[in-house]
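Hi everyone, thanks for coming. I'll walk you through a structure I've been looking at, so please get it up on your screens.

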Amino acid sequence: MKKYWQITKTSWSNGFVYRLNFIMWRVRTIIWFFTIYYFWVAILSQNDQVFNYDSQTLLTYVIGTSFLRSLVLSSRSVSAGMEIANGDLNNYLVKPINYLKNWLARDIADKALNLAFFIPEMVIIFLVIKPPFIFPNNPWYFVAFIVAALIATLMYFFFSFLVSCFTFWYPEHNGWPLRFIVFMIIGFLAGDTFPLDIFPAVAQTIFKILPFGYFMFYPMQIYLGRIPANQVGLTIIIMLAWVFILYKISTAVFKKGLKVYGAYGR
Amino acid sequence: MSVIKVKNLKKYYKVHQKEPGLKGSVKSLFKREYQSVKAVNDISFSIKEGELVGFIGPNGAGKTTTLKVLSGLLYPTAGDVSVLGFTPFDRKPAFQKQFSLIMGQKNQLWWDLPALDSFILNREIYEIDKKQFKKTLDDLTKMLDLKDILKIQVRKLSLGQRMKCELVAALLHSPKVLFLDEPTIGLDVVMQQKIREFLKEYNQKYQATIILTSHYMDDVKELCDRVIIIDKGTVFFDGLLDEIIKKYADRKILEVTFSKPIEKKDFKTIRAAKIKKFDPPRVTFSVKRKSANSVAAKLLESFPVADLNILESSIEDIIREVFTGRDLS
């Protein structure tokens, strides 16, 4: 365990090296937040209710997904694809270290760093624009939301690693062509830009089967109390099952990939 | 006892072939043709504990592929490979803690952090005892004269300094087996010499088994008694460096300095000697080994010779001859 903790610490040190890059990345995150936030503010100024959401609930959804973006979708493991394509994976394969755990340790470092900046930024945003924000009536919903967010983080980690593994077979542009498609799908199907329950019932049935909605949409539904209390447990069980499935698939694909790995670039 | 055993190793790659130009690119979108490349084709050798063996061969001969198979990076297509009693591609931690792979063209150090951060990370990865780590680090930094640069960002180090740090990172866990792929590539002659001296010292001090590939014959000449020559994926020669000279050098070099002006046509009568270099008053001849003495005698007898030396062909020349199959004379 100690070696992975050291990887986390080294990743932090590395993250702080480029101050400008660091600041620009935070600025990017804030601009994205304002874009979505004011998009919905503009729509809500014309209508009290949009789809099934009143203004307070929808804006809370926007702020909540912004938090989940920092926690769930921030992932350095995108670079795993690059390491596979350019042969840097060699460095890990010759050492007594688990590649998947290595990326998990680096992701934890990155997410902690993200949150460390997200929280004070949000405090400032709250003080300046005073957005309407709902806290759950029942504290258990809040606890369930945190649990769901953490499980979603693991789900996304294994999913992202799986996408990186396809670079073994398609090393073109370090795996970015596939990665772009995945970003688009997630932007659309995870509930990042709008809640998924604005779609027709058929689409929602499909969303329930796919893993993407569990990255952001369903955890936010738990937070907002829009999932009946007796179904919260089931949602969490489905998410845990997804963690297990994605873990199994990603490790199996990684093992298969190693057999075709050319260890190029050296 | 053999530490490394390789028997009938084969490694074939499937490579996608594309015709040149835009037409070829469009065609390859729909139909791809693959060709099997035999990077390593049935090689066998074994290496004893403490041996320092040079792997030489032209680019694409299969040297690096062999090292990658020995390190467990690549699955062999066929054959048996054993290093320290382990099958490398099982990638058992017990095996990984006992060997190191150093590639001159790539680094394992964190680029934006001082080398010391990468060393500490390796300490945890290899689970090295803190006291032992400090002792090994002190030893290595002293041997490589590195003390002042450990806290400087790796990206700001010179190539030579970086290579030295790479060596330290790879040796902190005191590996018993070392695979070095072009460790002196791109370095100036002084730094090459320093790295060589270090490797020699390390080999002797720790009885480490080392395989070294290099395009610089000086590396091989100074460090390795035994060489394995690989060409087109097969072992061409495996033996002592001196034996290459005996086996393949069928010519000797005569370096003659004349005391009076001479011309090329003057040597027409000595058919057994071919002029290698004509730089009056100095002329270098290449002659068959068996006729070296008679040619020397004839030169002394028929020409105003101030000085004459009979030399062996250089190892570089011999190996070049072996690879190209050309006569050097």
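**A helix pair to start with**

Helix H9(B) passes H11(B) in a left-handed crossing. The residues that make the contact are B:Ile244, B:Ile245 and B:Tyr248 from H9(B), together with B:Ile315, B:Ile318, B:Glu321 and B:Val322 from H11(B). Contact here says that two C-beta atoms, placed from the backbone, lie within 7 Å. Sorted by type, the residues of this contact are six nonpolar, no polar and one charged. The classes are simple: Ala, Val, Leu, Ile, Met, Phe, Trp, Tyr, Cys and Pro are nonpolar, Asp, Glu, Lys and Arg are charged, and the others, Gly among them, are polar.

Now the geometry. H9(B) covers residues 241-248 and H11(B) residues 315-324, and the two pack at an angle of about 60° with their axes 10 Å apart. The axes are lines fitted to C-alpha atoms, for helices over the stretch in contact, and angles run from 0 to 180 degrees between N-to-C directions. The two helices are therefore oblique to each other. For the labels, under 35 degrees is roughly parallel, over 145 roughly antiparallel, 65 to 115 roughly perpendicular, and the rest oblique.

Before I go on, a word on what we are looking at. This is a predicted model, in which local features need pLDDT of at least 70, side-chain atom pairs count only at pLDDT 80 or more, and totals for chains, interfaces and linings use all residues. Residues are numbered from 1 along each chain as its sequence is written, while chains are lettered from A and ligands numbered from 1 in the order in which they are written.

**How confident is the predictor?**

The complex gets an ipTM of 0.83 and a pTM of 0.83. Chain B has a mean pLDDT of 87, with 98% of its residues at 70 or more; pLDDT is the predictor's confidence in each residue, from 0 to 100.

**Chain B as a whole**

Chain B contains 11 helices and 13 strands. These are DSSP runs numbered from the N terminus, helices being H or I with at least four residues and strands E with at least two. The C-alpha trace spans about 75 × 55 × 45 Å along its principal axes. Of the 329 residues, 36% count as buried, where buried is 20 or more other C-beta atoms within 10 Å of the residue's own, exposed is 12 or fewer, and partly exposed is in between, with C-beta atoms placed from the backbone. Among contacts in chain B with a separation of 6 or more, 72% join residues 24 or more positions apart.

Most residues other than glycine have a negative phi, and most peptide bonds are trans. So where are the exceptions? B:Asn8, in strand E1 (residues 2-17) of chain B, has a positive phi near 50°. With 13 C-beta neighbours inside 10 Å, B:Asn8 is partly exposed. B:Asp145 has a positive phi too, of about 55°, and is found in the loop between helices H5 (130-144) and H6 (159-171) of chain B. B:Asp145 is exposed, with 12 other C-beta atoms within 10 Å. Finally, the peptide bond from B:Pro280 to B:Pro281 is cis, with omega near 5°. B:Pro281 sits in the loop between strands E11 (273-279) and E12 (282-288) of chain B.

**Where the chains meet**

The contact between the chains takes 26 residues from chain B and 19 from chain A. On the chain B side, H2 (63-70), H3 (93-96), strand E5 (99-103) and H4 (115-125) each supply at least two residues. Which element gives the largest share? That is H4(B), with five residues. By type, the chain B side divides into 13 nonpolar, six polar and seven charged residues.

**One pair from chain A**

In chain A, H6 (residues 99-129) and H7 (residues 139-165) pack at about 130°, their axes 11 Å apart. H6(A) and H7(A) are therefore oblique to each other, and their crossing is right-handed. Thanks, and I'm happy to take questions.

Methods:
A crossing is left-handed if the near helix is turned anticlockwise from the far one by less than a right angle, and right-handed if clockwise.
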